[in-house]
Amino acid sequence: MSEGQGSTMEIGLIGLGKMGGNMRERMRQAGHTVIGYDRNHEIADVGSLTELVDAFTTSPRVVWVMVPAGDPTRETVKELGGLLSAGDVVVDGGNSRFTDDKINADHLAEKGIGYVDAGVSGGIWGLKNGYALMVGGEEENVAKVKPFFDALKPEGDYGYVHAGPVGAGHFAKMVHNGIEYGMMQAYAEGYELLMAADVVQDVPGVLKSWQEGTVVRSWLLDLLVNALEEDPNLDDIKGYVNDSGEGRWTIEEAINHAVPVPVLAASLFARFSSRQEDSPAMKAVAALRNQFGGHATTKVGKEATAAHLGGPGDTIDS
């Protein structure tokens, strides 16, 4: 950046949604000039990528991309490659697959433009608490972005790592999200078991009691407690859960590296189960139990039928 700017530096930010918009605000609070572009012109500072690049008054330029992974990111990076100059840096802070990073970096390198991949965690709370940042790229390029990483990260010694070369940041974030799947599933299963047992009369209170002094305390637990305080029985939420793609990629990489990840895999498959109104697999299990053991089946819209041939303690398989 140009000398004489002090701590005030310029950055372009593309994508001003829930994450990007808060990131723009946090960097501005740190004294940086943020030129924001979004397809929603009502929240944008400029009307196009060309205007964004032309708005810089210093160089080299740093442009941070926060758009959906896949084609939207790839196309944005390609367009920036035609607008930026040698020495500038593009940061992909979205949830791109790490294999895309080398392709993007190689494309920009042909024009002397640097590339940094940044895994960003913090969600809608990042504006207040800061964002955890996992970064991949060459030292020279990372250094050009470092003032903005310092503005975005939480205060203190933690929350930022230069994880390795191009791709390392998004790989680290992918594994982070895979772990997140497993942790959320564990809390969810514990919650369901507490709800199912009549002996526990204050399930939200039990979870709240775990927030201090226990080995299972975490920010995710805090967020579950928050959700239950708003809706104690989660009556307003349907048990349908999407996945961002990073859980799948984590499992694929575990297979590629022959690393056993049974908890992470099970948590991903549990999300698939949540999308089934009536599981075909469980239909088959019910049919098999009826065939070999005469266990009751439940017809659609009816009560259980087909009498169980045995009783409690019998030897017929489950």
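This is a predicted model: local features need pLDDT of at least 70, side-chain atom pairs count only at pLDDT 80 or more; totals for chains, interfaces and linings use all residues.
1. Phe149 belongs to the largest nonpolar core, which has 24 residues; together with Trp64 and Val145, Phe149 touches the most other members. Seven elements each supply at least two residues of this core: strands S1 (10–14), S3 (62–65), S4 (89–92), S5 and S6 (132–136), and helices H1 (18–29) and H6 (139–152). The most is given by H6, with six residues. A further core, of 19 residues, lies apart from this one, and Leu49, Leu84, Val90 and Leu108 are among its members. In soluble globular proteins, nonpolar side chains tend to be buried together.

2. The chain is divided into domain 1, residues 10–165, and domain 2, residues 174–275. Taken over C-alpha atoms, the centres of the two domains are separated by 30 Å. Contact between them involves eight residues of domain 1 and eight residues of domain 2.

3. Helix H10 covers residues 246–256, and its buried residues are Glu246, Gly247, Trp249, Thr250, Ile251, Glu253 and Ala254. These buried residues pack against three helices, namely H4 (98–109), H7 (168–196) and H11 (262–274). After H10 comes Ala258, with a positive phi near 55°.

4. Gly126 is found in helix H5. Because its relative accessible area is 0%, Gly126 counts as buried, the cut-off being under 20%. Not counting residues up to four places away in sequence, Gly126 touches Arg26 and Tyr131. The C-alpha atoms of Gly126 and Asn22 are separated by 7.2 Å, although these residues are 104 residues apart along the chain.

5. Trp125 lies in the loop that runs between strand S5 (114–121) and helix H5 (126–129). Its relative accessibility is 36%, and therefore Trp125 counts as partly exposed, a class that falls between the limits of 20% and 50%. Trp125 also takes part in a nonpolar patch on the surface with Ile124 and Trp219; together the three have about 340 Å² of accessible area.

6. Trp125 is partly exposed at 36% relative accessibility, whereas Gly126 is buried at 0%. Trp125 is placed in the loop between S5 and H5, while Gly126 is part of H5.

Note on methods: Residues are numbered from 1 along each chain as its sequence is written. Side-chain values use heavy atoms; hydrogens and water are left out. Patches are made of residues with over 30% relative accessible area and no salt bridge: like charges are joined within 9 Å, nonpolar side chains (Val, Leu, Ile, Met, Phe, Trp, Tyr) within 5 Å. Accessible areas come from the Shrake-Rupley method with a 1.4 Å probe; for residues, only the protein chains shown count as cover. A salt bridge is a side-chain nitrogen of Lys or Arg within 4 Å of a carboxyl oxygen of Asp or Glu. Helices (H or I, at least four residues) and strands (E, at least two) are DSSP runs, numbered from the N terminus. Buried means under 20% relative accessible area, exposed over 50%, partly exposed in between (1.4 Å probe, protein chains only). A nonpolar core is a set of buried Ala, Val, Leu, Ile, Met, Phe, Trp, Tyr and Cys residues joined through side-chain atoms within 4.5 Å. Contact means heavy atoms within 4.5 Å. Domain bounds come from an automatic or database domain assignment.
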